[in-house]
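Here is a set of questions and answers about one structure. Each answer sets a value against its cut-off and concludes.

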Amino acid sequence: MTITNQYPSLKYKVVLITGGASGIGANLVEAFCQQGAQVCFIDIRDDDAHKLVEQLSHSTSNTPPRYYRCNLLNIPKLQATIKQIYSDVGAINVLINNAANDTRHDFRNVTVDYWNERLAVNLRHHFFAAQAVYPQMLELGGGSIINLGSMSWYATQGGMPGYTSSKAAIEGLTRGLARDMGGDNIRVNTLVPGWVMTDRQVAMLTQEKTARNILENQCLKKSVMPEDISAMALFLASDDSRMCTAQHFIVDGGWI
Ligand SMILES: NC(=O)c1ccc[n+]([C@@H]2O[C@H](COP(=O)([O-])OP(=O)(O)OC[C@H]3O[C@@H](n4cnc5c(N)ncnc54)[C@H](O)[C@@H]3O)[C@@H](O)[C@H]2O)c1
């Protein structure tokens, strides 16, 4: 699938994407570059990140993305990185909180430390990134924050309670921040993907004996691809969605 829509309001916008080196995040990086945005992305997968920057430096006539190494478990480093982006390219117009980790875990074996770590990698940085971009968006007179949720908890999926709890909480975070920031013209929404065929998910599907029959569950008998998620993200980032906030937008082929 190729995204054909162009959003003039995204041209030259500074867009920060967390977890942009691989999976859906890498597709988001590419899609926003194709809109002429100045994309900055955070990750820890250096090899993937450098390859992506290299590839997009050749394949797009627009500004190539900028990679910032930052472990999102380290909140002071995340805050410093967001300040660094401001001094490098200017105020951030769009924040996409995308990074997560859905490693499976049996609830019987979860320790306090592991629980805290699951929430830190899947939820905590969403809040602190939003808090850190707020003064920059204020300076710009508005902005769009997009939090990546998940359909997993709607579908009562087990085997990863730290992840599903975080993803459910993200929708509460979205609605609370949308109220807090709405007066400053900052919109906050959740983008809820279905089962998206990233390389990692395809590998997990072949490993997981319990993997459901995705196409049986979806109304639409085609795979949800990263581009389908990016298409919604572009809309939510653009001025075309200027009156959308505090909502969740599901892209799952009609599963939940
Ligand atoms: N793929 C799916 O089927 C699916 C379904 C529902 C929701 N989602 C959500 O969409 C988003 C993207 O999913 P994905 O499948 O592309 O995930 P992924 O695991 O393939 O990629 C996540 C990216 O985040 C980065 N990351 C993880 N922990 C990090 C950390 N501590 N510091 C910095 N970077 C870190 C990873 O290196 C990776 O590049 C996630 O929020 C996920 O929960 C995905």
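**Burial, contacts and the ligand**

Q: Why is A91 called buried?
A: A91 has a relative accessible area of 10%. The model is predicted. Buried means under 20%, so A91 counts as buried.

Q: Where is A91, and how far is A91 from L138 in sequence and in space?
A: A91 is in the loop between α3 (75-89) and β4 (94-97). A91 and L138 are 47 residues apart in sequence. Their C-alpha atoms are 9.3 Å apart.

Q: What makes Q201 buried or exposed?
A: The relative accessibility of Q201 is 12%. The cut-off for buried is under 20%, so Q201 is buried. Q201 belongs to helix α6.

Q: How do you know that the side chain of Q201 makes a polar contact with the side chain of D102?
A: The distance is 3.0 Å. A polar contact needs a pair of N or O atoms within 3.5 Å, so the pair of Q201 and D102 qualifies. The side chain of Q201 also makes a polar contact with the side chain of W195, at 2.9 Å.

Q: Why is R104 called partly exposed?
A: R104 has a relative accessible area of 26%. Buried is under 20% and exposed is over 50%. R104 lies in between, so the label is partly exposed.

Q: Where is R104, and which backbone oxygen does its side chain reach?
A: R104 is in the loop between β4 and α4 (112-140). Its side chain reaches the backbone oxygen of D102 at 2.8 Å. R104 and P161 are 57 residues apart in sequence, with 8.5 Å between their C-alpha atoms.

Q: What makes H58 exposed?
A: Its relative accessible area is 64%. Exposed means over 50%, so H58 is exposed. H58 is in helix α2 (residues 46-59).

Q: How do you know that H58 makes a polar contact with E54?
A: The side chains of H58 and E54 are in contact at 3.1 Å. The limit is 3.5 Å, so the pair counts. By contrast, H58 and K77 are 30 Å apart in space, C-alpha to C-alpha, and 19 residues apart in sequence.

Q: Why does Q6 count as exposed?
A: Q6 has 52% relative accessibility. The cut-off is over 50%, so Q6 is exposed. Q6 is in the segment before β1 (14-18). Q6 and N71 are 65 residues apart in sequence and 32 Å apart in space, C-alpha to C-alpha.

Q: What is the phi of T156, and why is it worth a remark?
A: Phi of T156 is near 50°, a positive value in a residue other than glycine. Most residues other than glycine have a negative phi. T156 is in the loop between β5 (143-148) and α5.

Q: Is T156 buried or exposed, and what makes it so?
A: The relative accessible area of T156 is 70%. Exposed means over 50%, so T156 is exposed.

Q: Why is A246 called buried?
A: A246 has 16% relative accessibility. That is under 20%, so A246 counts as buried. A246 lies in the loop between α8 (226-237) and β7 (248-251). Its phi is positive, about 65°, although A246 is not a glycine.

Q: Which residues are closest to the ligand, and how many surround it?
A: 26 residues surround the ligand. The closest are I24, D43, N98, Y163 and V196. The shell divides into twelve nonpolar, ten polar and four charged residues.

Q: How much of the ligand does the protein bury?
A: Taken alone, the ligand exposes 830 Å². The protein buries 92% of that.

Q: Where does the ligand sit, and which elements give two or more residues to its shell?
A: The ligand sits in the largest pocket. The elements are α1 (23-34), α5 (161-182) and α6 (199-207).

Conventions
Residues are numbered from 1 along each chain as its sequence is written. This is a predicted model: local features need pLDDT of at least 70, side-chain atom pairs count only at pLDDT 80 or more; totals for chains, interfaces and linings use all residues. Side-chain values use heavy atoms; hydrogens and water are left out. A residue is near a molecule or strand if one of its heavy atoms lies within 4 Å of it. Accessible areas come from the Shrake-Rupley method with a 1.4 Å probe; for residues, only the protein chains shown count as cover. On a 1 Å grid over the protein atoms alone, a cavity is a set of points where a 1.4 Å probe fits but cannot get out, and a pocket is an open set with protein on both sides within 12 Å along at least five of seven lines; lining residues have an atom within 4 Å of a point. A molecule sits in a cavity or pocket if more than half of its atoms lie within 2 Å of its grid points. Helices (H or I, at least four residues) and strands (E, at least two) are DSSP runs, numbered from the N terminus. Ala, Val, Leu, Ile, Met, Phe, Trp, Tyr, Cys and Pro count as nonpolar, Asp, Glu, Lys and Arg as charged, and the others, Gly among them, as polar. Buried means under 20% relative accessible area, exposed over 50%, partly exposed in between (1.4 Å probe, protein chains only). A polar contact is a pair of N or O atoms within 3.5 Å; within protein, one must be able to donate a hydrogen and the other to accept it, and residues adjacent in sequence count only if both atoms are side-chain atoms.
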